[in-house]
There are 2 protein chains.
Amino acid sequence: MAKKSKRELAALGSATQDVSLTLADVAKRAGVSPITASRALNRPELVNEATRKRVLETVQTLGYVPNLLAGGLASSKSRLVAILLPTINHSLFSTAVQAMMDRLTEAGYQSLLGSTGYSAKKEEILLEAILGRRPDGVVLTGTLHTESSRRRLASAGIPVVEAWDLGDSALDMQIGFSHEQVGQHIAQHFFAKGYRDFAVITADDPRGLRRTNSLVSQLKQLGITHTLVETLPLPATWQVGREGLRRLLKRNSRPQLVICSSDILALGVLAEAASMNLHIPDDLAVLGFGNITESEFAYPALSTVSVNAPEMGRQIAEALLGRFADKTCNLKLRVDTGFTLLERFST
Amino acid sequence: MAKKSKRELAALGSATQDVSLTLADVAKRAGVSPITASRALNRPELVNEATRKRVLETVQTLGYVPNLLAGGLASSKSRLVAILLPTINHSLFSTAVQAMMDRLTEAGYQSLLGSTGYSAKKEEILLEAILGRRPDGVVLTGTLHTESSRRRLASAGIPVVEAWDLGDSALDMQIGFSHEQVGQHIAQHFFAKGYRDFAVITADDPRGLRRTNSLVSQLKQLGITHTLVETLPLPATWQVGREGLRRLLKRNSRPQLVICSSDILALGVLAEAASMNLHIPDDLAVLGFGNITESEFAYPALSTVSVNAPEMGRQIAEALLGRFADKTCNLKLRVDTGFTLLERFST
DNA sequence: CTGTTAGCGCCTTCAG
DNA sequence: CTGAAGGCGCTAACAG
């Protein structure tokens, strides 16, 4: 008599169905071979209507849950997307991720999240771990990666989206906007409106700093040589924003416009300004940076540069799904999602 | 001559190392058996210092990335934690998740995220899909689950944390606070301070409604029979908050205190109040609900009930890790994370 | 401390 | 449309 495996013994022993069911169990119960059961679930078009129905019913009654680890191993398709961001705890990112996940879930993909804290080294470590899960696609934030990360991604041979930024030397697809253009645009716009005294409160994050640098250098070109910049440590919180304005004003500066690297900082500035009885935007204009779906209805006096985060999330998802469906499409995709400036005027 | 597998043929064919390396390749190169290589990576204490070093070096030079699907399948340990929340796009949740993920990552676990949109049915569907990944643990939000979800979780036999709430009939562990207590506490506190005219602006989410109901019924017990409640559809945005206040005031009501089911709504109320030249908190006191690490420094006039979201996240992670390490500990763990009321007084 | 053997649960390939 | 055989890459269990 053939030796019985542990599973078979357990099944004989008791009525507990805790020993997780396998496709074989379902198949036996439905009177088909395992592979037919598999096809009934994954490639229904290859299976006779009636048998498929029978299998599906058995799955229901037995409460079978396919083991995706096994499936992934056998098919080298994991239906997993890895998403690496600086932090999930930031409205811009979480909004985009939400939209992205919604679409991916709908399409039958699951999302593995990792947070890099704005560090390329952390990204590398996370990436290595996550690539072990054999994801079908990867979403990264920005264009700053270690050499090792680039190599690993290349040899993984899966679609990669670099989000939130545009740059040369794309790994694969890029979906984002130019942070240099943002800085430039802000400078030009407000200069044209007659503003001459600018100040910046920025968190110490790579893209925020790039926006700031671009802004400052554009202002220089317009003849404004001196722009106060307060760089504050991450994370960008309300508290940090308040502190930023305090420091700015201590430095004997009386800017007409304070440009913040994020809405959160800007809200902190508003709060601090309120407690100093400064009127916004008459005494002090404040510019934030955030998600358009929020800024439009936020504090009435707050101007912002806004990105359409949900739309970006959706586009990222679509780009990946396109690639999953057809290896040749979307090659070298590069989408400029743009940004809009919403100015709140003095009354 | 033995038939060669696809892998072997590919390896012979060219120098591309794109055919992903396996542990066997590493083992061969290091002159040990596959299992020794495996142990060198996963259970270093079982392997001779020298051989371990040799294996690790080979891993480095070859750029080997372990296939976690295979590992998980063989060991039935996936090092994966599934986290299901209503939405990731909410500061309270994203803050908690961030802390949770940080701890889990540190311990070598990865996080699979899913968003349920406050729906138990969606939770069920997500859960089924995600359980196929054989996660080592699951974090759910709240205590409202479908019968099917409960069954599946039971037969999965893995640690489960129900977060953000406390209730009877726990699935396994609960880490959260009582929403009934929140409502009750607000009522008592402000009644004692002399407030008599209350109004509520709440999003249509289960826990927010429970806080509201508890508040209203506690007020009734204190003799306040009439409390205006504006229930607005999700998601809770700034815009919705503004709209909420507008509606409230249209209903000929002049509340002394507006209680909002979230900080975001409260900020909308503040914005709307500002545009109506209402002074906060003199003309109108506003109460939010959110994360303590934010509320403390937020808009100066905004009172809040606050939860320590990062701490909750950490506790959830620890609870799971404890279970992973020792199946017997943390049994029936039930942690009340509490909440604090921060009142902003009129000046 | 190291190796051998035998699967984990599923899907690919090829044959009916 | 359905099935049989074999292997995906790794590790548990046992032996040395």
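How many residues does the contact take from chain A and from chain B? The contact, meaning heavy atoms within 4.5 Å, takes 54 residues from chain A and 54 residues from chain B.

This is a predicted model, in which local features need pLDDT of at least 70 and side-chain atom pairs count only at pLDDT 80 or more, while totals for chains, interfaces and linings use all residues. Residues are numbered from 1 along each chain as its sequence is written, chains are lettered from A in the order in which they are written, and side-chain values use heavy atoms, with hydrogens and water left out.

**View 1. Area buried between chain A and chain B.** The two chains bury about 4900 Å² between them, 58% of it on carbon and sulfur atoms. Buried area is the accessible area (1.4 Å probe) lost on putting two parts together, summed over both. In chain A, the residues that lose the most area to chain B are A:Leu69, A:Arg133 and A:Arg134, together 15% of what that side buries.

**View 2. Polar contacts across the interface of chain A and chain B.** The rule finds 25 residue pairs in polar contact, both at pLDDT 80 or more. A polar contact is a pair of N or O atoms within 3.5 Å; within protein, one must be able to donate a hydrogen and the other to accept it, and residues adjacent in sequence count only if both atoms are side-chain atoms. The count of salt bridges between the chains is 0, a salt bridge being a side-chain nitrogen of Lys or Arg within 4 Å of a carboxyl oxygen of Asp or Glu.

**View 3. Strand E2 of chain A beside strand E2 (residues 110-115) of chain B.** These strands pair in the antiparallel sense over 3 bridges. Strands are DSSP runs (E, at least two residues) numbered from the N terminus, and two of them pair if DSSP finds at least two bridges between them. A:Ser111 has B:Leu113 as its bridge partner in E2(B).

Definitions and conventions
Helix = DSSP H or I, 4+ residues; strand = E, 2+ residues; numbered from the N terminus.
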